[in-house]
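Here is a short briefing for a reader who is meeting this structure for the first time. Please look over the sequence and the model before reading on.

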Amino acid sequence: MEFLVITGVKLALILFIFMTALAYLQWVERKVIAHVQVRMGPSRVGPHGLLQPLADVIKLITKEGVLPPHVNKFYYLAAPFFAVFMALISISIIPFGTDITIPAMTIGGTTFGPYRTMMELADINVGILLVLALSSMGVYGIALAGWSSNNKYALLGGLRSSAQMISYELPLSLAIAAPLLTAGSLSLRTIADTQQGFYLGFIPHWAIFQFPAPQIFSFIIFMIAAFAETNRIPFDLPEAENELVAGFHVEYSSMSFAAFFMAEYANMVTVCSVATLLFLGGWHPLFPASLGSNFIAPLLLAGCGAVCLYHGLHPARPFDRYTLPAFAVIFFGLAGLMAFPPTVPILMPIFWFLAKLLFLLFLFVWIRATLPRFRYDQLMGFAWKFLFPVALVNLLITGFLVALAS
Amino acid sequence: MDPLFFLLFAFITVACGVNVVLQKHPISSALSLVAVMASLAVLYLLLGAEFLAMAQMIVYAGAIMVLFVFVIMLLNAGTEATRGRSWTATIFGIPAILILIGALAYFMQTGMPQLGSVKFGDFRGGGAYQVGYALFTEYLLPFEVTSVLILIAIVGAIVLARKELD
Amino acid sequence: MDPAQIAGILKQGAVPTSWYLALSAVLFVIGVAGFVLRRNIITVFMCIELMLNAVNLSFIAFAHEHKQVSGHLFAFFVMVVAAAEAAVGLAIILTVFRNRSTLNIDEIDSLKN
């Protein structure tokens, strides 16, 4: 019973935060790309366009969902559901912090707790394999969408995407296998916990620096394959606008169109979380607490607050006088929370996990704003002739080093 | 809980298995087969074979069946042309299949009374460590032989595909 | 098996291994039926995969019965062989379709007579 209640609360929290984060990821992406291209980006709805995701959601919900007459109805309607389901479900096994304990409390004579719970929905001992399985099932959503639309562009997009995802799954799996050799477990929590500690007191024990086999090449291979798995630029051949109109989702509108976008962003978050857990030490900090890693978060947030306050006092636009101090108060509050001793052991792991996750997500957006798209034969040739052999050699060398060290 | 999970997923497995045979369009058959494989993976989990369950999802549902769907989409094969079925086949065939299934299930049931029962968590030897250890000690020769087999399959597939290009 | 026995099993919370074997048998028969009845070569191929899956289920049920990991390895090898088979089989199907532009196995009969 207790288990069910705790899981229900965690489920609701994660679902709410995850869905909001997905909507705002779109805003972040548009803003970052706009600033890279020296534009403003969304700035009309709310301060700095912060309410833009809400407006987008309302627009997409109220739009008419068109059902073209020539499609295969069942699969046409089922495909976006399938894609978004497979993308959302993998967040349930991603751990994003250490365990927390809620102290016992007495309400009206009955004592509750103490409760101890993990910062994830389920810790299963083949977690990383489940992530792989779900990501390989995600192909069906896209392939079916392309096929059932009964449109040559959509079909080409679907075919391209299934070929691309099968091809890039191999280097992805091989790149995942290499850090597993040093970690010696398939549970995501255990993998992250093996990366605890520091060499010489300041070099983190993360897999990319780890003795005996630093996994820096695995990390790079993983990230390249991850771009292809999530159909992002420079590998977004399934939806190449100038060749295929919009690829597999050309016939979709309204919420089913939004479902594909949600699936893409959810996949991005999952892939970045896995990269964080496997290679970047999960929630373990960049440098030890003895050197003051616990002060990074409050300082950063307080700095943001100070900048907001300064610009609020010297407003460039009239409404800045009210909005920016409000943000400053929020930032200062968060900074205070991060520095408040009882909450530090709970919030600090989450902060470090989110910091790494957001950095990787920013990398995705940054590369989208920077790189052009591959040609299709280059894409396949790159996977099979370059990435796959390199991943194999990397795995072999890691195996040798681990065997020599043990 | 165990019998409930078993009955639920056994029902899904059988229903989707029948659907594989009954559906006229190959894509529908392929997706039903994916559902069969996914529910079989759950049954493997109940049997304590967690590594195999995930391998089932990754290899079977995620790679082999995607290949099937890919080929079906590539060939754009339509629905199967039905020919008038003979009445005798329908009258005798369906009962015969039912009797065959019933007989098999019955003999399984009665012929092996000494078999035990399955409870989730009874058998913990199906993890990646145990499977990997057995694979690289006791079953090393079969493992190497399958690697040669896969090499042959790759070469064969490339040869068959290359003939198209010439 | 009478209803009282089944009720006992449901109450006890443990499934007899023979139920798994029966399910495996049923799946195998479905696969055989599809293999015999269907004319689309891809569907026939999928029915073979269904039969292989049925066999895997009984391997794993027996592995649980004997508390040994060997059954898992047999199932694993079956999967690997099925992957190789799918690669070659689908390549053959593609070639056949290019040459004859049909997937109906009744029409691919040039070796007959």
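A salt bridge here is a side-chain nitrogen of Lys or Arg within 4 Å of a carboxyl oxygen of Asp or Glu. The model is predicted, and a search of the whole structure finds 5 salt bridges over all chains.

**Salt bridges in chain A**

- The side chains of A:Arg232 and A:Glu29 form a salt bridge with an N to O distance of 2.6 Å, and because A:Arg232 sits in the loop between helix H7 (216-229) and helix H8 (241-244) while A:Glu29 belongs to helix H1 (residues 2-36), the pair ties together parts that are 203 residues apart in sequence.
- Both A:Arg232 and A:Glu29 are buried.
- A:Arg30 and A:Asp56 meet in a salt bridge at 3.3 Å, N to O, and since A:Arg30 lies in helix H1 and A:Asp56 in helix H2 (residues 52-62), this pair ties together parts 26 residues apart in sequence.
- A:Arg30 counts as partly exposed at 32% relative accessibility, whereas A:Asp56, at 19%, counts as buried.
- In the salt bridge between A:Asp377 and A:Arg375, the closest N and O atoms are 2.9 Å apart.
- Salt bridges that share partners join A:Glu29, A:Arg232, A:Glu264 and A:Arg368 into one network.

**Chain C**

- The secondary structure of chain C consists of 4 helices and 1 strand, which follow one another from the N terminus as α-β-α-α-α.
- Buried residues account for 58% of the 113 residues in chain C.

Definitions and conventions. Residues numbered from 1 in each chain as written. Chains lettered and ligands numbered in written order. Predicted model: local features only at pLDDT ≥ 70, side-chain atom pairs only at ≥ 80, totals over all residues. Heavy atoms only, no water. Helix = DSSP H or I, 4+ residues; strand = E, 2+ residues; numbered from the N terminus. Buried < 20%, exposed > 50% of the residue type's maximum accessible area, 1.4 Å probe, protein only.
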